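Here are my notes on the model you sent over.

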Amino acid sequence: MGSNSDEIITENMDAPTYAPSLPVPNVQEMILVIDLSLLSTGDVEELNKLDLACKEWGFFQVVNHGVAKEVLQNMKDAAAEFFALPLEKRKKYKVASNDIQGYGQAYVVSEDQILDWSDALMLIVYPSHYRKLNFLPRTPTGFKEIIESFSNGVKEVGEELLRSFSRIMGMDKDALLGLHKQGAQGMRVNYYPTCSRPDLVLGLSPHSDASTITILMQEDDTEGLQIKHNDEWVPVKPVQDALVVNVGDVIEIWSNGKYKSIEHRAVTNQKKARISYASFIVTHDDVEIEPLDHQVGSQKVMYQKVR
């Protein structure tokens with residue numbers, strides 16, 4: 001009797017009110033998670049989710065993609081071991097000034113350029129005759145085989161995604177695969193060291209991808225990827241064992257702008273180094289890229305033909 005627990009709490013009509021806010025979905029819900037095992041069967045609901053993700057965000061995450069956890073973890077362990085090597089050992093695979101394969105920083109075009117807070121190992125893995133084995137690290141032991149296994153798994157994911165893109169773009173499921181028969185798959189393993197002032201530098205500057213699609217493996221416990229949405233930078237929270245996929249410039253052109261190749265970046269942090277693994281699926285150099293007739297319809301053609 002009379003204790004605080006027995007008091008009746010009544011509504012105070014004089015309590016202050018604050019500026020209202022429109023209800024919005026949680027950011028993690030808006031960046032859709034898509035089940036690749038359902039996409040591969042032509043599941044209509046999952047295809048609709050893919051269509052929505054590509055129109056609204058240009059990014060999504062895929063689960064049940066078929067790449068074994070062991071393959072993913074082996075790639076993470078081997079890459080971490082490589083970037084932990086002394087600099088002199090890593091520099092054995094230094095990228096040449098006239099090439100993009102190897103270890104270092106790519107796309108440095110000026111001595112005045114502000115460099116990203118990252119190093120990278122860049123390789124072309126498919127077709128196999130494009131590989132330059134002198135840039136493929138021999139340490140740690142078995143790294144070549146680990147890269148091969150990981151890249152093959154990503155290649156299969158990419159092929160399944162291209163079938164699904166063909167479906168949502170109103171074509172035969174193998175149509176886009178046919179445009180990638182002699183295409184290439186590049187790989188960029190990005191290492192972002194800790195940074196005492198992450199507010200002053202970026203791990204990777206804002207950009208969109210020139211690929212058809214890009215497939216990215218993130219660290220499961222460290223955020224870093226951010227995408228531009230409604231003029232704001234939105235973090236992509238990692239989903240355990242998922243792969244992040246984004247629409248590249250080629251899909252945007254083929255779809256006449258229906259699907260968006262979104263600007264994205266990587267940020268650094270003070271407490272933990274981070275590694276990401278980006279695989280770029282591209283067409284053969286001879287494939288001409290322009291809006292597909294059935295994607296244009298009665299609309300204006302938004303892009304000129306490019307190669």
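This is a predicted model: local features need pLDDT of at least 70, side-chain atom pairs count only at pLDDT 80 or more; totals for chains, interfaces and linings use all residues.

The numbered points below start with confidence and then walk through strands, helices, loops and cysteines.

1. The mean pLDDT of the protein is 87, and 87% of the residues reach 70 or more. If you want the two ends of that scale by element, helix H1 (residues 27–30) has the lowest mean pLDDT, at 48, while strand E7 has the highest, at 98.

2. Residues 1–13 have pLDDT below 50, and beyond near neighbours in sequence this stretch makes 1 contact in the model. Residues 15–29 also stay under 50, with 4 contacts beyond four places in sequence. I'd keep those values in mind when looking at the start of the chain.

3. Now the overall picture. The protein has 9 helices and 12 strands. Of its 307 residues, 45% are buried. Taking contacts between residues at least 6 apart in sequence, 75% join residues at least 24 apart. The exposed surface comes to about 17100 Å², and carbon and sulfur atoms supply 51% of that area.

4. Have a look at strand E12 (residues 274–282), which is mostly covered: 7 of its 9 residues are buried. Which strands does E12 pair with? One is E5 (residues 184–192), antiparallel over 9 bridges. Another is E7 (residues 213–217), also in the antiparallel sense, over 5 bridges.

5. A handy residue for finding your way around E12 is Ile-281. It is the bridge partner of Gln-185, and Ile-281 is also the bridge partner of Ile-213. Helix H4 (residues 69–83) has 15 residues and reaches 21 Å from its first C-alpha to its last, close to the 21 Å expected at 1.5 Å a residue. Which residues of H4 are buried? They are Val-71, Leu-72, Met-75, Lys-76, Ala-78, Ala-79, Phe-82 and Phe-83. When you look at that list, remember that an α-helix has 3.6 residues a turn, so residues three or four places apart point the same way. Note that a lysine, Lys-76, is among the buried residues.

6. Helix H6 (143–168) has 26 residues and reaches 37 Å between its first and last C-alpha, close to the 38 Å expected at 1.5 Å a residue. Just after H6, Gly-170 takes a positive phi of about 75 degrees.

7. The loop between strand E4 (119–126) and H6 is worth a visit for its prolines. Pro-127 sits in this loop, and a cis peptide bond joins Tyr-126 to Pro-127, with omega about -5 degrees. Pro-140 lies in the loop between E4 and H6 too, and the peptide bond from Thr-139 to Pro-140 is cis, with omega near 5 degrees.

8. Asn-230, in the loop between strands E8 (225–229) and E9 (232–235), has phi near 50 degrees. For Asp-241, in the loop between E9 and strand E10 (243–247), phi is near 65 degrees. Are these residues buried or exposed? Asn-230 is exposed, with a relative accessible area of 65%, whereas Asp-241 counts as buried at 17%.

9. Ala-96 is in the loop between helix H5 (87–90) and strand E3 (102–104). With a relative accessible area of 30%, Ala-96 is partly exposed. Leaving aside neighbours within four places in sequence, Ala-96 is in contact with Gln-101 and Phe-135. Ala-96 and Phe-135 are 39 residues apart in sequence, and their C-alpha atoms are 9.7 Å apart in space.

10. Last, the cysteines. How many disulfides does the structure hold? The count is 0. Cys-54 is buried, with a relative accessible area of 0%, and Cys-195 counts as buried at 5%.

Key. Residues are numbered from 1 along each chain as its sequence is written. Side-chain values use heavy atoms; hydrogens and water are left out. Buried means under 20% relative accessible area, exposed over 50%, partly exposed in between (1.4 Å probe, protein chains only). Helices (H or I, at least four residues) and strands (E, at least two) are DSSP runs, numbered from the N terminus. Two strands pair if DSSP finds at least two bridges between them. A disulfide is a pair of cysteine sulfur atoms within 2.5 Å. pLDDT is the predictor's confidence in each residue, from 0 to 100. Contact means heavy atoms within 4.5 Å. The expected span of a helix is 1.5 Å times one less than its number of residues. Accessible areas come from the Shrake-Rupley method with a 1.4 Å probe; for residues, only the protein chains shown count as cover.
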